[in-house]
Amino acid sequence: MTFSSLGLIEPLLKTLDTIGYQTPTPVQVQTIPAILARRDLMAAAQTGSGKTAGFALPLLQRLAMEGPQVASNSVRALVLVPTRELAEQVHQSFREYGTHLPLRTDVVYGGVSINPQMMKMRRGLDILVATPGRLLDLLDHNALRLSAVSILVLDEADRLLDMGFADEIGRILAQLPKDRQNLFFSATFPPAVQALAEKMLRNPARIEVQPAPTVEATIRQRAIEVDASRRTQLLCHLIHESCWDRVLVFVATKHSAEQLADKLGKAGIKAAAFHGELSQGARSHVLAEFKACRLQVVVATDVAARGIDIEQLPAVVNYDLPRSAVDYIHRIGRTGRAGESGTAVSFISAASEPHFRLIEKRQRLRLSREQISGFEPIATTAPVTALMTASLAGPSTGGIKGKRKSKKDKLREAVARKND
Ligand code: AMP
């Protein structure tokens with residue numbers, strides 16, 4: 001199955017080629033033809049299934065093929081999402097996939113000033129990605145009309161309802177034209193979600209794919225404690241010891257990507273950086289070299305790595321932790337693809353431990369922490385001030401239990417400061 005056989009037009013195929021999507025995911029195989037045929041859709045699809053491209057690609061095509069040009073303060077396709085992070089992500093996907101199409105897309109969400117958003121609405125938009133609360137604010141300010149909406153997407157409908165947006169959605173639906181295409185995506189279908197779907201959808205195409213292989217099933221996740229300063233050495237050690245022929249390593253910044261690739265090179269490991277500041281040609285070259293096994297390590301940032309799809313990638317390493325749980329899933333999903341097994345390693349330092357816990361909490365996950373012989377974190381990684389305070393306060397304080405300050409330690413510090 002190819003994207004072209006699903007009926008996508010040349011400008012979209014060109015983009016998909018550039019970003020390296022080779023074959024449609026099972027969700028996309030079903031959603032793309034149904035959406036192009038203007039059917040309503042009820043899709044049970046999880047994050048990681050490729051659902052965003054599953055609705056964004058055919059939606060872009062419909063708008064590009066159909067015209068008419070958008071009127072001021074109007075929007076042709078509305079995508080409702082539960083969170084600002086998802087809003088940004090979906091918006092970026094539309095921008096990326098629509099690179100070769102003359103369509104205007106934008107995003108609005110709460111927590112930031114509304115005035116610039118009102119300005120953006122003036123010229124009208126082909127696609128607007130929005131969280132429900134801010135969309136209603138814009139409607140209340142008469143900054144936007146929904147009378148020209150011909151396609152509505154509800155993404156992560158179960159989360160929208162979980163987050164208490166049922167009333168907002170009701171108010172938004174009331175302002176939409178009756179004659180429109182509705183695309184309803186949800187990971188789960190509890191009764192409230194089912195009821196909303198039934199209210200909104202007309203004779204929908206029902207799509208349910210087996211959830212993408214669960215993280216637990218195919219990907220071995222490891223959390224290794226190591227001091228930040230020793231991560232490069234540990235990475236070299238793991239690469240040699242585990243005989244990984246190809247590793248995708250994630251870092252937080254372009255600069256770190258360059259630096260780490262350089263250090264690995266000096267250690268005799270063929271590595272290249274992969275980030276947004278490289279030209280498209282340079283990126284394609286790195287990917288081709290990696291695919292051909294002429295590069296052993298690619299050191300990437302999150303944004304750049306989104307399109308990487310390489311079969312049988314044995315390992316992904318979070319050298320720097322991802323910012324969010326969603327990024328974590330996207331990152332580790334680069335290994336263990338198509339039923340292959342893979343390893344995802346996260347380096348955890350005393351400073352990043354609380355952040356990793358948050359990621360684990362979001363993923364309902366708890367990994368046991370490992371230490372590698374010869375790379376154990378130095379026991380006294382607690383901040384110097386805490387150590388000093390503990391010794392100043394005397395043995396009766398109980399000292400420092402772990403590597404991080406406990407609440408009690410912080411209280412003791414405060415008391416010690418007061419008594420100084
Ligand atoms: P989603 O489920 O929409 O959050 O997408 C999960 C990830 O899969 C994203 O990082 C996409 O960039 C990527 N992706 C979506 N479709 C494809 C495809 N056909 N081939 C390779 N990667 C894809």
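Does Cys243 count as buried or exposed, and at what relative accessibility? Cys243 counts as exposed, at 63% relative accessibility. Exposed means over 50% relative accessible area, buried means under 20%, and partly exposed lies in between, using a 1.4 Å probe and protein chains only. Cys243 sits in the loop between helix H11 (231-242) and strand S9 (247-250). Helices (H or I, at least four residues) and strands (E, at least two) are DSSP runs, numbered from the N terminus. Cys243 is not a glycine, yet its phi is positive, at about 55 degrees.

The model is predicted: local features need pLDDT of at least 70, side-chain atom pairs count only at pLDDT 80 or more, and totals for chains, interfaces and linings use all residues. Residues are numbered from 1 along each chain as its sequence is written, and side-chain values use heavy atoms, with hydrogens and water left out.

The protein chain contains 18 helices and 14 strands. Of its 420 residues, 51% are buried. The chain exposes about 20,200 Å², and carbon and sulfur atoms supply 52% of that area. Accessible areas come from the Shrake-Rupley method with a 1.4 Å probe; for residues, only the protein chains shown count as cover. Contacts were also counted, where contact means heavy atoms within 4.5 Å. Among contacts between residues at least 6 apart in sequence, 73% join residues at least 24 apart.

The ligand is surrounded by 17 residues. A residue is near a molecule or strand if one of its heavy atoms lies within 4 Å of it. The closest residues are Tyr21, Gln28, Gly48, Gly50 and Thr52. By class, the shell has three nonpolar, 10 polar and four charged residues. Here Ala, Val, Leu, Ile, Met, Phe, Trp, Tyr, Cys and Pro count as nonpolar, Asp, Glu, Lys and Arg as charged, and the others, Gly among them, as polar. Domain 1 (4-208) and domain 2 (219-382) each give at least three residues to the shell. The domain bounds come from an automatic or database domain assignment.

A polar side-chain atom of Tyr21 lies 2.3 Å from a ligand oxygen atom. An N or O atom in the side chain of Gln28 is 2.8 Å from a ligand nitrogen atom. A polar backbone atom of Ser49 is 3.0 Å from an oxygen atom of the ligand. Taken alone, the ligand exposes 490 Å², and the protein buries 95% of that.

Glu156 lies in the loop between strand S5 (151-154) and helix H7 (157-162). Glu156 counts as buried because its relative accessible area is 8%. Its side chain makes a polar contact of 3.4 Å with the side chain of Lys51. A polar contact is a pair of N or O atoms within 3.5 Å; within protein, one must be able to donate a hydrogen and the other to accept it, and residues adjacent in sequence count only if both atoms are side-chain atoms. Leaving out residues up to four places away in sequence, Glu156 touches Thr47, Lys51, Pro82, Leu86 and Phe185. Glu156 has a positive phi of about 55 degrees, although it is not a glycine.

His275 occupies the loop between strand S10 (271-274) and helix H13 (280-291). With a relative accessible area of 4%, His275 is buried. The side chains of His275 and Glu258 make a polar contact of 2.8 Å.

Glu370 belongs to strand S14 (residues 369-370). Glu370 is partly exposed, at 21% relative accessibility. Glu370 and Ala223 are 147 residues apart in sequence, but their C-alpha atoms are 6.1 Å apart in space. Neighbours within four places in sequence aside, Glu370 is in contact with Arg222, Ala223, Ile224 and Glu225. The side chains of Glu370 and Arg222 are joined by a polar contact of 2.8 Å.

Helix H15 (residues 325-332) is mostly covered, with six of its eight residues buried. These are Ala325, Asp327, Tyr328, Ile329, Arg331 and Ile332. Ser324 caps the N-terminal end of H15, where a side-chain oxygen lies 3.0 Å from the backbone nitrogen of Asp327.
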